[in-house]
Number of protein chains: 2
Amino acid sequence: MDNFTFYSPTYFVFGKEEENNAGKYVQRFGGKKVLIHYGGGSAVRSGLLDRVKKSLTQAGLEYVELGGVKPNPRSGLVYEGIGLCRKEKVDFILAVGGGSTIDSAKAIAIGVPYEGDFWDFYQGKAAAEALPIGTVLTIAAAGSEGGNGSVITHEEGNYKRATGSEVLYPKFSILNPALTQTLPAYQTACGITDIMAHLLERYFTNTKEVEVTDRLLEALLLTMIKEGPKAIENPNDYGARANIMWAGMMAHNDSCGVGRSQDWASHEIEHELSGAYDCAHGAGLAVVMPAVMKYNMYRDVNRFARLAVNVWGCQMNFDHPEETAKEGIEAFQHFLAKIHMPSNLEDLGAREEDIEMLAHNCSYGAGRTGILNGFAALTEQDIINIYHLMG
Amino acid sequence: MDNFTFYSPTYFVFGKEEENNAGKYVQRFGGKKVLIHYGGGSAVRSGLLDRVKKSLTQAGLEYVELGGVKPNPRSGLVYEGIGLCRKEKVDFILAVGGGSTIDSAKAIAIGVPYEGDFWDFYQGKAAAEALPIGTVLTIAAAGSEGGNGSVITHEEGNYKRATGSEVLYPKFSILNPALTQTLPAYQTACGITDIMAHLLERYFTNTKEVEVTDRLLEALLLTMIKEGPKAIENPNDYGARANIMWAGMMAHNDSCGVGRSQDWASHEIEHELSGAYDCAHGAGLAVVMPAVMKYNMYRDVNRFARLAVNVWGCQMNFDHPEETAKEGIEAFQHFLAKIHMPSNLEDLGAREEDIEMLAHNCSYGAGRTGILNGFAALTEQDIINIYHLMG
């Protein structure tokens, strides 16, 4: 096992109606003047935003609002949020929404105390300071509620890039599974796929003998396989929503991924798709992941066979482990089809003639130097080949 | 799933030689004058204490020392530590040792700023303040390095009681698996048993449909079953030690036990044994747990059958699930024998004629009212019956 540090200082508040305590938790973590950051109209229509505001008011807190976060959050709104926070002397940011809203809130949080362009942090600069953040999560997917990362798309060039810093862990995150019951099936499925990708990207490791994290990742994948389809079939299944929501946090706070090399190739290859075509990140991953797995499986057939046996319930073919490995990938594709995820580039609105451009951006965009490191070291040609496997 | 809050703010530093960074982390969390709290001579003989002191000195920190913590840590040393900290104006406590040392450090930490008797906190009073604590862990077992609990035995009457408070989470915990390589096999096995008990006590729940935590607990049990015997056979197996050490932390920081009722009957029943006969807590659990499981299994045969199938690899007997459940308990006993744990009261130095006294203390000692609640509601007579099952 590799040496590592692990830190997850967020205070998690999980369960029914807990959004009504948002004000109490902002207060606990020192906020006085809050920016409520949110996305589209659903938080307004459902009454969630009103409940959150009421809770802030009851706690004697002032607030301003900034809505309009879109999936694949854009730099423009971040600049606007930074300006608003400075003008209004905001000292706490409360994100009410999913991963995009939380990531946008994190970008604003590091931007406010920084004199330069916040985008610097998405190009490698380390952040040392940020406004404190809290979250009220409305979709189980990105894991941003328990993580220190943020992904933003820059409007000039549609680059989608990530940053991470200890100062970006939310102070608290409120996870009420009932809030996800109103999500359309497609968004629920995108979330399920994203969570599974977070697990698989950690599972594909070159570090040997990491049984504890292998088993934990398998446990969370098994949970998603059981609970995911239940939530699609019956959107009001609170139990399924709750299992998925905690699995989504655990999948990405890294407690199950420590001490091992990880593979983030699928995320990087997908980011080019959602950056360029504005498809949902989870939908993109549903197309990208099986292709990456097929391309990479011969690097470590037994790891893919283990996944097939321990997670997908395949029988081990001891004479031909590669057959078991393939069976596992097929079982994953079958699962994705069952929750109505797309299976090819066309479904995402992507064009085959763009593949070389996408691969080039992925290999060289925003200061990259040509090799995508992870489970395998992928060259631009490898990435072209992988995009072609997406059919 | 039940509503819950989850908080685990400790900064974990995991890996080889990390004890040499102790000073850096004390400094990061604001310490200037440190109490180094430790147990017997092994930390001295191995040179660990010297390395820690050197690291503090290099960071410009002053320190005083208090050794002598024994397994099942006693109140006497806690009083001594509180006095020493006040006299020396200590502002940070660094525990170098296992669960006993860390628990003793936590007791000192809440005792120093409190005007009354620290034992009040072990009789139900809530702690609101404590000196900050750091740990350098030398045995994977108790999980105290990532938890907010502490168990102390009061010398007057040999009562073993627990407390818990948010202020007792260590600020940092240094986990170097190599430090556990010098442990005698017996202590390693006691640690393995304690970790498995922490998982099983969470597994025996009355909450329905908690797949995510069921699966996580199973994952950690599977890890212990694979890695435990490897560490016993080859004490220098760093990989096995590392897997066990992270599993031990995850087993007890409660990330895998949230949102469900838990069963702490085995721990409570064992505390009477180690309180009265000073046997190792893990050894006591090896005797107690199978007896509790046999006594309780008819309350929910399918839960015990699931454990047998998913964790112990038993084939499900669909006609007679109770046979599968029993097979699982037998597999656990077989495992405990394989790592040379005791199997009956006599092995622990306990006397059958004491059973009624032990059960009475467990049911009514220190202000209890006669029912031990958990997976089952156990009366004094139930506890007598369970002690008799220990042979």
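Visitor: Which residues of helix H11 (residues 301-310) of chain B are buried?

Guide: A residue counts as buried if 20 or more other C-beta atoms, placed from the backbone, lie within 10 Å of its own, as exposed if 12 or fewer do, and as partly exposed in between. In H11(B) the buried residues are B:Phe304, B:Ala305, B:Leu307, B:Ala308 and B:Asn310. This is a predicted model, in which local features need pLDDT of at least 70 and side-chain atom pairs count only at pLDDT 80 or more, while totals for chains, interfaces and linings use all residues. Residues are numbered from 1 along each chain as its sequence is written, and chains are lettered from A and ligands numbered from 1 in the order in which they are written.

Visitor: Against which helices do the buried residues of H11(B) pack?

Guide: Helices (H or I, at least four residues) and strands (E, at least two) are DSSP runs, numbered from the N terminus. Contact requires C-beta atoms, placed from the backbone, within 7 Å. The buried residues of H11(B) pack against helix H6 (185-203), helix H7 (211-233) and helix H12 (321-338) of chain B.

Visitor: At what angle do the axes of H11(A) and H12(A) cross?

Guide: Axes are lines fitted to C-alpha atoms, for helices over the stretch in contact, and angles run from 0 to 180 degrees between N-to-C directions. Helix H11 (residues 301-310) and helix H12 (residues 321-338) of chain A have axes that come within 7 Å and cross at roughly 50 degrees. Angles under 35 degrees count as roughly parallel, over 145 as roughly antiparallel, 65 to 115 as roughly perpendicular and the rest as oblique. H11(A) and H12(A) are therefore oblique to each other. Among the residues making the contact are A:Phe304 and A:Leu307 of H11(A) and A:Ala325 and A:Ala331 of H12(A). The contact residues comprise nine nonpolar, three polar and two charged; here Ala, Val, Leu, Ile, Met, Phe, Trp, Tyr, Cys and Pro count as nonpolar, Asp, Glu, Lys and Arg as charged, and the others, Gly among them, as polar.

Visitor: Which way do E1(A) and E1(B) run, parallel or antiparallel?

Guide: E1(A) and strand E1 (residues 4-14) of chain B run antiparallel and are joined by seven bridges. A:Phe6 is opposite B:Phe12, and A:Val13 is opposite B:Thr5. By contrast in direction, E1(B) and strand E8 (residues 172-175) of chain B run parallel, joined by four bridges; B:Phe14 has B:Leu175 as its bridge partner in E8(B). In chain A, strand E2 (residues 33-38) and E3(A) pair in the parallel sense over five bridges, with A:Ile36 partnered by A:Glu65.

Visitor: How many residues does each chain give to the contact of chain A with chain B?

Guide: The contact takes 36 residues from chain A and 36 residues from chain B. On the side of chain A, the elements that give two or more residues are strand E1 (4-14), helix H7 (211-233) and helix H8 (238-252). H7(A) gives the most, with 11 residues. That side divides into 19 nonpolar, nine polar and eight charged residues.

Note on methods: Two residues are in contact if their C-beta atoms, placed from the backbone, lie within 7 Å. Two strands pair if DSSP finds at least two bridges between them.
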